[in-house]
Amino acid sequence: MYLIDEANPAEAPHDIEDTVLIHNSGTSRVDTAGLTRVLDNIGETITSIVIDSTSLLESSWFIKFLPNAANLDVLGKRLRDLTALANMRNSVTTLRIAGALIRDLSPIANSKVVHLELTVNSKTQALDYARYIHSSSSLKSVLILHWPFDDLSALPNGRFSEVRVEKAKITNTAGINATALTFVACKSLRILSGIECESLYFLKCEYVDFDSIEPENKLVSLQITQQRQPINSLRFLTSCGYLRRLIISGTEVCPGAFEDLTCAQHLKVAYIDA
């Protein structure tokens, strides 16, 4: 990773083919002219850029000097204006926003961004993000951290190839579907309602009630890893008529439950490592 101090940008080599991190060395200023000069000099070779949490940049104007940057990570709390990403000449396809206080994502509704990672800081911000996600025509996959509501009904249903939800306050899965759904460390998650995805993965979700899986679902693959609550029964497999792959690891499965594997008539792979 190559570091650029926005307060005192030093000349950089022409052949950088790496991630650039823009940070501030602790001053209260940004040398815009100097930063422009450096980025203009090296921009063609940069594929990823990170705006550090120390950065004082307030807008994404710098992206025009990085025509081949496919990845943009925004950590700086000052940066709230993403208007420059609306220019289709940029190459950003992966956008990560963590720690930033950005609320308005509308400028990039018609951008090339296909993968979006969002850390949500408030309910208001969550709803603002949801409006953008509804309007985006390019998004294929979404990762959301710290979703503050009981379910995901504010998000569009069934449009994505993959949705990953981490450390959310959700209690049930209502409102969201994709080809693949992943839930990580969602400790309040209990009820599996409205599941229509093909692949479902739980990691450290602790207390999920798998008997709540509704019948006639389309699950092909189910993976359960490090659930605290033991699985007493696998009878929920009777609701999973299309299931081909079942993986359970780091989770206690009661001995009598193994008899229920016969309920999954089309199961091809079953790996249980409790």
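Trainee: What is the relative accessible area of Arg96?

Mentor: Good place to start, and keep in mind that this is a predicted model. Buried would need a value under 20% and exposed one over 50%. Arg96 counts as partly exposed, with a relative accessible area of 26%.

Trainee: Which side chain meets that of Arg96 in a salt bridge at 3.4 Å, N to O?

Mentor: Side chains of opposite charge can pair when their charged atoms come close. Arg96 has such a partner at 3.4 Å, N to O, and the partner is Glu117.

Trainee: How many residues apart in sequence are the parts that Arg96 and Glu117 tie together?

Mentor: The side chains of Arg96 and Glu117 meet in a salt bridge. Arg96 lies in strand S5 (residues 94–97) and Glu117 in strand S6 (residues 115–119), so the parts tied together are apart in sequence by 21 residues.

Trainee: Which residue is linked with Arg96 and Glu117 in a network of salt bridges?

Mentor: Arg96 and Glu117 already form a salt bridge with each other. Their network also takes in Asp73.

Trainee: Is Glu206 buried or exposed?

Mentor: Glu206 meets Arg228 in a salt bridge (3.5 Å, N to O). Glu206 sits in the loop between strand S10 (199–203) and strand S11 (221–225), and Arg228 in the loop between S11 and S12, so the pair ties together parts that are 22 residues apart in sequence. Arg228 is exposed, with a relative accessible area of 56%. Glu206 has a relative accessible area of 10%, and with the cut-off for buried at under 20%, Glu206 is buried.

Trainee: Which side chain of opposite charge is nearest to Asp260?

Mentor: Asp260 lies in the loop between strand S12 (245–249) and strand S13 (269–273). Beyond four places in sequence, Asp260 touches Ser233, Leu234, Arg235 and Leu237. Asp260 is buried yet has no salt bridge, since a salt bridge needs a nitrogen within 4 Å of a carboxyl oxygen. At 4.6 Å away, the nearest side chain of opposite charge is that of Arg235.

Trainee: How wide an arc around the axis do the buried residues of H1 cover?

Mentor: In helix H1 (residues 32–42), the buried residues are Gly34, Leu35, Val38, Leu39 and Ile42. They are on the same side of H1 because the arc they cover is only 125°. On the other side of H1, Ala33 and Asp40 are exposed. Strand S1 (2–5) and strand S2 (19–23) are among what covers the buried residues, whose arc, to end on your value, is 125°.

Trainee: What is the relative accessibility of Ala185?

Mentor: Ala185 is found in the loop between S9 and S10, and its phi is positive, near 50°. Ala185 counts as buried, because its relative accessibility is 17%.

Note on methods: Residues numbered from 1 in each chain as written. Predicted model: local features only at pLDDT ≥ 70, side-chain atom pairs only at ≥ 80, totals over all residues. Heavy atoms only, no water. Helix = DSSP H or I, 4+ residues; strand = E, 2+ residues; numbered from the N terminus. Buried < 20%, exposed > 50% of the residue type's maximum accessible area, 1.4 Å probe, protein only. Lys, Arg positive; Asp, Glu negative; His and termini not counted. Contact = heavy atoms within 4.5 Å. Arc of directions from axis to C-beta.
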